Amino acid sequence: MGSAAQSIDTIWVLVCTILVILMQAGFTCLESGMVRAKNSINVAVKNVMDFCVAGLGFWLVGFGLMFGASAAGFFGLSGFAFQSGAANASAGMAWVMVFFFFQLAFCSTATTIVAGAVAERMSFRGYLITAAVLSMAIYPVFGHWAWGGILAGEAAGWLELRGFIDFAGSTVVHSIGGWIALAAILVMGARIGRFGPDGGRIEPHDMPMATLGMFLLWIGWFGFNGGSTLALDASVPFILVHTMLAAAAGGFAATGLSWFTRGLPDVQQTLNGILAGLVAITANCHIVDTSAAVLIGAIGGIVCYLASHLLERLEIDDAVDAVPVHLAAGIWGTLAVAIFGDVSLFPHGHTRFEQFLVQAQGVAAAGLFAFSVAYVVLRLVNRFYPLRVSAEAERVGLNIAEHGASSALLDVLGAMEGQAARGDFSKPLRVEPFTEAGEIATRYNLVLDKFNREVNERERTANQLRDARDVAELANASKSQFLANMSHELRTPLNAIIGFSEVMNGELFGPIENERYKDYVVDIHKSSSHLLSLINDILDLSKIEADRYELYEEELDVVDVMASCERMMRHRAEEAGIDLGVTVEQNLPLLNADKRALRQILLNLVSNAVKFTPKGGHIELAAFMEPDERMAFRVSDTGIGMAKADIPTALEPFRQIGKDSNVYSTEGTGLGLPLTRALARMHGATLVIDSEPGRGTTITVRMPYARVLPRATARLAG
């Protein structure tokens, strides 16, 4: 090679190296844009540090392992931490420096793939360890297998000797980085909130930044593939065109697929499709024709899209889809060498099938070696130095937790979260002028001001309502106390009147000569009994309203309660010429309730039914279990019924349905239904009224499930 030609090649490779290093900036923009704002600084500085770690590690160990004198094709044995200087430079040594510089850029690219996949949960220390293992051991060892003889110009690695083709590193760079990223993800697990019942997709905070990163990577890829010729020869233009078209096809295919499946073109999938097309063409860009390059890129975008959905279904959390882009598309691109490559350019005169087996062997070797070593090493490291940050650090964000770094936007978001946690929205946020965060804070403060005004107004209204409630409660308490006192004062003379009327009616002190006096005595007894019943109902209802009515709960055999009610109401029903039927479902369980209150509920309902059922009618009292295991009581009659609009009136104290609903007769107190509903509510029961004028009324009381006790043998009421 002439000196002029060598100089041109040197310049070309150096220019391509700078383009490859530009990919570091692309990865930084892409990955920091794809994550949440609270982790963007952490992701950016990890991209900076992995370049530092890869640079030093590749010089100290990696370059020697990858391109040193081969040990049976498995790793190099020379060239570690080499020394050189301009004073004793030679053309040969200068070329070694150019080659080292170019390969160092490749090593850093493989390393930085991991940063995006493990973003938002891997500690800074853990990432530096991972970057060191990748750049100083896994990447250079496999690189020796596939590329070990490039510098010397003669095949050295065992895969290389078998004819394995990976022109610019679909497997060596991208799949190796992807395998290690997958191992790290599995060791650490998913981000908080990504999966699970309340989990969901975590949206990127800055897609324009991510898009800029994608363009920087696209531009850098021309150096990645173009520089892999190591010479500015006639193949370079074809390689660059193939690179360009494959990327475009990958982006177009991923966009179309997401548009078809989701109804909208997904921006992240578009970016990933472009990168997947670039990864796929990297292994074969020098050996395929233009149409094949387009097809390879398009399939790469589709493979990436499908792999992304597979990871999601398996609940494997890759923050930026690094594994689908670099691993899945890298595998495809490596296999595509045998499918679409020019057979005449295959080493050792392989057929397509033979070359495919060699390519598959390289893919399998990469996966077995890179994933296994990375998984075992990271597992061991994780036992002594946890790779994942704490849950609190993940919640706060790695910018602050790992570096004490923040931003105006994060400060605003942190202040908002602090107010939400404390429940104190009285103070406005600090406004940073002339920034987007300041604009957000200004708008938020306007909302706070409006919110606080509304809160103050509601507090004033609430205070007024509390005052009104206190006055009403005091009046209600006074009313209840008055009614209780009056009820007590009235009971004594009423009981006396009832007693005297019974004595007179029984003619214990001699006969009553005038029959009209006997009628008067009966009326006095009847009216006094009604008045006493009214007073008792008033007292019970007043106690309930004043929250002074106490339930004396016990385990009740419903059969006994039903039988007691039947005995008390049978005579009255017969006097009214009404048929009374009582049915109790067999084997009813016990019921936890107040016996007196339950009996009062049933007596009130049956009494009402008797009052409003004409002679010759029928009343049915039933106890049974509902399908949902609640116990229910039902009283149905063939009485006069009432319209639905009148039901609320019937539930008001001292109101009865008739020609004049404000008039009630001595046949009722007007308190039966209101008291029944109040007693039912105290038990947590529901009361449902179904009535139709001329057809009768059915009232059902359903006890809550919690009051039903283990089933006991019950008797059938006769």
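Q: Where does His 348 sit?
A: In this predicted model, His 348 is in the loop between α11 (322-340) and α12 (352-384).

Q: Is that residue buried or exposed?
A: His 348 is exposed, at a relative accessible area of 57%.

Q: What about the phi of His 348?
A: Phi of His 348 is near 60 degrees, which is a positive value in a residue other than glycine.

Q: OK, and where is Asn 587, and what is its phi?
A: Asn 587 is in the loop between β2 (579-584) and β3 (591-594). Its phi is positive, about 60 degrees, although Asn 587 is not a glycine.

Q: How accessible is Asn 587?
A: Asn 587 has a relative accessible area of 36%, so it is partly exposed.

Q: Stepping back, how many helices and strands are there in the protein chain?
A: The protein chain has 21 helices and 7 strands.

Q: And how much of the chain is buried?
A: Of its 718 residues, 48% count as buried.

Q: What share of the contacts joins residues at least 24 apart?
A: That share is 75%, taken among contacts between residues at least 6 apart in sequence.

Q: Tell me about the largest nonpolar core. How many residues, and which have the most contacts inside it?
A: The largest nonpolar core has 111 residues. Phe 58, Tyr 139, Phe 142 and Trp 147 have the most contacts inside it.

Q: Which helix gives the most to this core?
A: Helix α3, residues 91-117, gives the most, with 14 residues.

Q: New topic: helix packing. How do α1 and α3 cross?
A: The axes of α1 (residues 3-34) and α3 come within 10 Å and cross at roughly 15 degrees. That angle makes α1 roughly parallel to α3. The crossing is left-handed.

Q: Which classes of residue make up that contact?
A: The contact of α1 with α3 has 17 nonpolar, 8 polar and 2 charged residues.

Q: What about α8 and α9? What are the angle and the distance?
A: Helix α8 (residues 235-262) and helix α9 (residues 267-282) pack at about 140 degrees, with their axes 7 Å apart. They are therefore oblique to each other, and their crossing is right-handed.

Q: Which residues make the contact?
A: From α8, they are His 242, Thr 243, Ala 246, Ala 247, Gly 250, Gly 251, Ala 254, Thr 255 and Ser 258. From α9, they are Gln 269, Thr 270, Gly 273, Ile 274, Gly 277, Leu 278 and Ile 281.

Q: And by class?
A: The contact of α8 with α9 has 6 nonpolar and 10 polar residues, and no charged ones.

Q: Last one, Asn 47. Where is it, and is it buried or exposed?
A: Asn 47 lies in helix α2, residues 37-67. It counts as buried, with 2% relative accessibility.

Q: What does Asn 47 touch?
A: Not counting residues up to four places away in sequence, Asn 47 touches Gln 24, Phe 27, Thr 28, Glu 31, Thr 112 and Ala 115.

Technical notes:
Residues numbered from 1 in each chain as written. Predicted model: local features only at pLDDT ≥ 70, side-chain atom pairs only at ≥ 80, totals over all residues. Heavy atoms only, no water. Axes fitted to C-alpha atoms, helices over the stretch in contact; angles between N-to-C directions. Helix = DSSP H or I, 4+ residues; strand = E, 2+ residues; numbered from the N terminus. Parallel < 35°, antiparallel > 145°, perpendicular 65-115°, else oblique. Left-handed = near helix turned anticlockwise from the far one by under 90°. Contact = heavy atoms within 4.5 Å. Nonpolar A, V, L, I, M, F, W, Y, C, P; charged D, E, K, R; others polar. Core = buried A, V, L, I, M, F, W, Y, C linked by side-chain atoms within 4.5 Å. Buried < 20%, exposed > 50% of the residue type's maximum accessible area, 1.4 Å probe, protein only.
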